[in-house]
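Read it beside the model.

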Amino acid sequence: VLSRAIEEDVELLFGRSITRLEENANAVLVTFSDGRQREFALVFGCDGNRSNTRRLVFGDGEQFTYFMGGYFYLKVVPNVGLLAANKSEVFSVPGRMAMLNGYDDRTDIGFGFRTIGQIEYDHRDKEQQRRLIHDHFDGLAWKVPDMLASAGNDDDFYFDRISQIRMPAWSRGRVALVGDAGYCVSPLAGFGGSMAIIGAGRLADALARHPADHTAAFREYEEGLRPFVEQVQQRAATDGLQMMFPADEAELAERDRKLATGDIGL
């Protein structure tokens, strides 16, 4: 939808990444993975919580990663009869969660599990990630066996640690970060795409108000949006984690009580 809206006005380049960013007084010299170089007045990193742009400008991304104590898997499959359309179901045992969201023509299959520390794994190795899900969910009851079978063995799924990006600043020089690259709120917030669009809109508005001063625009963008981002991040790190991934029987009972009374903080 978004690419169709801009395709007549914006040059789109696919199949390459940025390997180097060099700022001068008036522009940023960008070196691409195919060796070509281009100059741009401003550069915006909108490339996710493992942002390459962030790494090139601010350094090792791990220093800005706040690990929340778990991992999440999501796969969209054709409607396979696991549940009715327009319905969601969640199955929980301490430290593990299986989730289904039903639509007219598809079903979301979700798994999540808590860990004390981070797991060593290759975030590009899909086979290894499938093994992690089976290691944590094989043998569980409810609809879990059918969910695992429906997920299949292809690589079209999302798996990652549950984490947030917390940075002291979202811009440096002529480079600014938007969405997960600068302030990922984590899947537990359920707000990632919305936050990215909100951030892009706020940044565009700030640039329109300060067309000749990107420093002022970046400052206005961050000062205006940061309180909201931090509020969403804090809620996800507390209520969101306990709601979706109760760690023990006490948290599970409290989660069920909140669901029963409608006290879910949304």
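## Sheet and helix

Strands β10 and β11 (residues 175–177) run antiparallel and are joined by 2 bridges. Valine 175 in β11 is the bridge partner of arginine 172. The model is predicted: local features need pLDDT of at least 70, side-chain atom pairs count only at pLDDT 80 or more, and totals for chains, interfaces and linings use all residues. Residues are numbered from 1 along each chain as its sequence is written, and side-chain values use heavy atoms, with hydrogens and water left out.

The open sheet has 3 strands, in the order β4-β11-β10, with mixed pairing. Its edge strands, β4 and β10 (171–172), each pair on one side only. Two strands pair if DSSP finds at least two bridges between them. Strands (E, at least two residues) and helices (H or I, at least four) are DSSP runs, numbered from the N terminus.

Helix α7 (residues 214–244) lies across β4, β10 and β11. It runs at about 15° to β11. Axes are lines fitted to C-alpha atoms, for helices over the stretch in contact; angles run from 0 to 180 degrees between N-to-C directions.

## Serine 186

Serine 186 sits in the loop between α5 (180–183) and α6 (192–209). Is serine 186 buried or exposed? It counts as buried because its relative accessibility is 4% (buried is under 20% relative accessible area, exposed over 50%, partly exposed in between; 1.4 Å probe, protein chains only).

Leaving out residues up to four places away in sequence, serine 186 touches Met68, Ile162, Ser163, Gln164 and Ala236. Contact means heavy atoms within 4.5 Å.

## Cavity

The whole structure holds 1 cavity of 30 Å³ or more. The largest cavity has a volume of about 60 Å³. On a 1 Å grid over the protein atoms alone, a cavity is a set of points where a 1.4 Å probe fits but cannot get out; a pocket is an open set with protein on both sides within 12 Å along at least five of seven lines; lining residues have an atom within 4 Å of a point. Grid points join across faces, edges and corners, and volume is the space filled by probe spheres set on the points.

Lining residues of the largest cavity include Tyr73, Phe111, Arg130 and His134. α3 gives the most to this lining, with 3 residues.

## Pocket

The largest pocket has a volume of about 1400 Å³. Its lining has 37 residues; Ile18, Phe44, Gly45, Cys46 and Asp47 lie nearest the centre. α2 supplies the largest share of this lining, 4 residues.
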